[in-house]
Amino acid sequence: MHYQADGWGYYVAAGRCMGGGDPLERVARLAAESAVVVFSVSSCCMCHAVKRLFCGMGVNPTVYELDHDPRGKDIERALVRLLGTSTALPVVFIGGKLVGGMDRVMASHINGTLVPLLKDAGALWL
C-alpha cells in the first residue's frame, strides 16, 4: 500500500486500496487498517474541518479522498447506506469502528468522549 504523508495525515494513492469486491466490505477493510480513517472529498469544507480537528489534536488520520479514486462513488454510496443519511462525507472510523459524520465527531469532541476513543485506538498518547 502506498501512503503519502502531508500536513493532514496520510493520503492513500488513488485506486491503490479500493480494489474489487463489495464496497461495504472494502469500507470495513480500509477502516480496520489504521487507528483513524477519514473518508473524504477534497473540495468538502466539512471534510477539511474534520481533518483539521484531528491534526490539531496531534492525530494523523489515514485519509481516503474519494474524488481522487475511480471507484470513489461506489464507496460514497456504500457510506450513505451505512449511515442511513443522504450526505455521507466526511465519515470517520476510529479503531475500526464507525464514529459517523462531522456531527458525531464534533459531538464526541464536545462531550469529552473523542479523546478516550483516540487513546484506545492508539492514535493519541496524551
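Start with the whole chain in cartoon view: this predicted model has 5 helices and 6 strands. Follow the chain from the N terminus, and the elements come in the order β-β-α-β-α-β-α-β-β-α-α.

Now colour the residues by burial. The protein has 126 residues, and 42% of them count as buried. Contacts can be sorted by how far apart the partners are in sequence. Among contacts between residues at least 6 apart, 64% join residues at least 24 apart.

**First stop: the aromatic rings**

How many aromatic pairs does the structure hold? There are 2. Select Phe-39 and Tyr-64 and show their side chains. The two rings form a stacked pair, with 5.3 Å from centre to centre and 20 degrees between the planes. A pair counts as stacked when the planes are under 30 degrees apart. Phe-39 belongs to strand E3 (residues 36-40) and Tyr-64 to strand E4 (residues 62-65), so this pair ties together parts that are 25 residues apart in sequence. Both Phe-39 and Tyr-64 are buried.

Phe-93 is in strand E5 (residues 91-94) while Phe-39 is in E3, so the pair ties together parts 54 residues apart in sequence. Phe-93 is buried, as is Phe-39. Show the three side chains at once: Phe-39, Tyr-64 and Phe-93 make up one aromatic cluster.

**Second stop: helix H1**

Select residues 23-32, which are helix H1. Which residues of this helix are buried? They are Pro-23, Arg-26, Val-27, Leu-30 and Ala-31. Turn the view until you look down the axis of H1. From there the buried residues fall within an arc of 130 degrees, so they line one face of the helix.

Next, look at the face of H1 turned away from the buried side. Glu-25 and Ala-32 are the exposed residues there.

The buried residues of H1 pack against strands E3, E4 and E5 and against helix H3 (72-83). Two of these strands, E3 and E4, are those that carry Phe-39 and Tyr-64. Strand E5 carries Phe-93. To finish, display the buried residues of H1 together with the aromatic cluster of Phe-39, Tyr-64 and Phe-93.

Notes: Residues are numbered from 1 along each chain as its sequence is written. This is a predicted model: local features need pLDDT of at least 70, side-chain atom pairs count only at pLDDT 80 or more; totals for chains, interfaces and linings use all residues. Side-chain values use heavy atoms; hydrogens and water are left out. Helices (H or I, at least four residues) and strands (E, at least two) are DSSP runs, numbered from the N terminus. Buried means under 20% relative accessible area, exposed over 50%, partly exposed in between (1.4 Å probe, protein chains only). Contact means heavy atoms within 4.5 Å. Rings of Phe, Tyr and Trp (its six-membered ring) pair if their centres lie within 6.5 Å; planes under 30 degrees apart count as stacked, over 60 as edge-to-face and the rest as tilted. The arc is that of the directions from the helix axis to the C-beta atoms.
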